[in-house]
Amino acid sequence: MAIKDILQLGNPLLWEKSIPITEFKNTTQDLINNLSDTLENFRNSNGFGRAIAAPQIGMLKQMIFIRTPKFCGPIINPTINWADTEQMQLWDDCFSFPGLMVKVSRSVKISITYQNEQGLKKELIAENDFSELLQHEIDHLHGILAVERAISPQAFATRTEWLRQKI
Ligand SMILES: [Zn+2]
């Protein structure tokens with residue numbers, strides 16, 4: 001178990017696509033532990049943070065780790081099967097650019113399939129906060145950052161200004 005450095009915007013690895021995980025033994029458990037520890041450390045230092053994707057610690061593997069009241073644990077090899085045409089706009093943030101807020105548009109509801117840490121196939125339907133969180137994290141696995149999802153060239157704010165205005 002270890003706390004890893006989180007890659008920051010400008011690091012070219014963040015634009016890379018991650019590869020599927022096919023082996024569900026020791027190496028996968030190490031990655032789960034590293035993501036969990038790094039997420040916990042970020043949240044303790046910054047006061048926010050619900051999830052992290054493996055490429056953010058430099059591991060180009062299709063795993064995200066989530067810790068919310070609704071879901072806690074790894075999501076491996078996720079695929080979005082269905083996305084609601086109904087969209088919602090929100091201010092998004094990211095561990096890879098913690099001082100920046102980006103206004104994005106996401107589907108209100110999605111359905112995904114994924115594998116758990118044992119490699120078992122699972123399905124879940126997510127709405128609202130959980131839906132936009134999953135879309136953000138799954139984007140990371142495809143080398144897409146929230147800055148690319150900005151709804152306009154003006155859809156950016158520093159976190160300080162965003163907090164000041166409570167946009
Ligand atoms: Zn992110």
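User: Of the 167 residues of the chain, what percentage count as buried?

Analyst: The share is 29%, where a residue is buried if 20 or more other C-beta atoms, placed from the backbone, lie within 10 Å of its own, exposed if 12 or fewer do, and partly exposed in between. Bear in mind that this is a predicted model, in which local features need pLDDT of at least 70 and side-chain atom pairs count only at pLDDT 80 or more, while totals for chains, interfaces and linings use all residues. Residues are numbered from 1 along each chain as its sequence is written.

User: How many helices and strands are in the chain?

Analyst: The chain has 3 helices and 8 strands, which are DSSP runs numbered from the N terminus (helices H or I, at least four residues; strands E, at least two). Along the sequence they follow the pattern α-β-β-β-β-β-β-β-α-β-α.

User: Which residues of α1 are buried, and which are exposed on the other side?

Analyst: An α-helix has 3.6 residues a turn, so residues three or four places apart point the same way. In α1, the buried residues are Thr-28, Leu-31, Leu-35, Thr-38 and Leu-39. Seen down the axis of α1, they fall within an arc of 100 degrees (taken from the directions from the helix axis to the C-beta atoms), so they line one face of the helix. Asn-26, Asn-44 and Ser-45 are exposed on the other side of α1. The cover over the buried residues of α1 includes β1 (51-53) and β2 (63-67), with contact meaning that two C-beta atoms, placed from the backbone, lie within 7 Å. Just after α1, Gly-47 adopts a positive phi of about 80 degrees.

User: In what order do the strands of the open sheet run, and is the pairing parallel or antiparallel?

Analyst: Strands of a sheet pair through backbone hydrogen bonds, either parallel or antiparallel. Here 5 strands form an open sheet in the order β1-β2-β3-β6-β7, and the pairing is antiparallel; two strands count as paired if DSSP finds at least two bridges between them. The edge strands, β1 and β7 (121-127), each pair on one side only. Within the sheet, β3 (residues 72-83) and β6 (residues 109-115) pair over 5 bridges in the antiparallel sense, and Thr-79 stands opposite Thr-113 in β6.

User: Where do α1 and α2 lie on these strands?

Analyst: Helix α1 lies across β1, β2 and β3, running at about 45 degrees to β2, with axes fitted to C-alpha atoms (for helices over the stretch in contact) and angles running from 0 to 180 degrees between N-to-C directions. Helix α2 (residues 128-141) packs on the sheet, touching β1, β2, β3, β6 and β7, and its direction makes about 125 degrees with that of β7.
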